[in-house]
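Here is a brief report on the inside of a protein model.

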Amino acid sequence: MSHCDTLKAYYESVQNGSLDPNLFTEDFAFEGPLMQCHSRDEFMGMMQQMAGAFKIDHIEWIARFTNDNNQACAMYDMTTTKPIEGVTRCAETFTFEGNQIKKIQLVFDARAWEKAMPASA
């Protein structure tokens, strides 16, 4: 499976609500403006809690940008129903180990989200 195939499988499984754990390394890490995860199991739990709250629309492009082709980037519009309703422009970078995703870094303007989410204690 190519990295492009892995990304397609990732986005398809996010869309249909059945994220495949085999797409990720065990030591997978996720970094976003509002959440971080440090294992595949932690990420799977986070995504399960958020099931049905968002969908990814209009993936514009996926492009490799490193010499050894172990990273890729995607830009898309994310439509959400909770904690806010609307469309958010997102960018994700992916780092691969073999044919699995080792790390995702998600970037978006989180100001509206911060206002809508409860403050952590």
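Which element gives the most to the lining of the largest cavity?

## Cavity

α2 does, with three residues. This is a predicted model, where local features need pLDDT of at least 70, side-chain atom pairs count only at pLDDT 80 or more, and totals for chains, interfaces and linings use all residues. Residues are numbered from 1 along each chain as its sequence is written, and side-chain values use heavy atoms, without hydrogens or water.

The whole structure holds one cavity of 30 Å³ or more. The largest cavity has a volume of about 250 Å³. Its lining has 20 residues, and Phe-30, Met-50, Met-78, Leu-106 and Phe-108 lie nearest the centre. By class, 18 lining residues are nonpolar, one is polar and one is charged. α1, α2, β3 (54-64) and β4 each supply at least two lining residues.

## Nonpolar core

The largest nonpolar core has 29 residues. It joins buried nonpolar side chains through atoms within 4.5 Å; buried means under 20% relative accessible area with a 1.4 Å probe, protein chains only. Tyr-10, Phe-24, Phe-43 and Phe-94 have the most contacts inside this core. Elements that each supply at least two core residues include α1 (3-16), α2 (40-49) and β4 (71-80).

Phe-43 touches Tyr-10, Leu-19, Phe-24, Phe-28, Phe-30 and Cys-37, leaving out residues up to four places away in sequence. Contact means heavy atoms within 4.5 Å.

## Cysteines

A search of the whole structure finds zero disulfides (cysteine sulfur pairs within 2.5 Å). Cys-73 counts as buried because its relative accessibility is 12%. Cys-90 is buried too, at 2%.

Note on methods
Buried means under 20% relative accessible area, exposed over 50%, partly exposed in between (1.4 Å probe, protein chains only). Helices (H or I, at least four residues) and strands (E, at least two) are DSSP runs, numbered from the N terminus. On a 1 Å grid over the protein atoms alone, a cavity is a set of points where a 1.4 Å probe fits but cannot get out, and a pocket is an open set with protein on both sides within 12 Å along at least five of seven lines; lining residues have an atom within 4 Å of a point. Grid points are joined across faces, edges and corners, and a volume is the space filled by probe spheres set on the points. Ala, Val, Leu, Ile, Met, Phe, Trp, Tyr, Cys and Pro count as nonpolar, Asp, Glu, Lys and Arg as charged, and the others, Gly among them, as polar.
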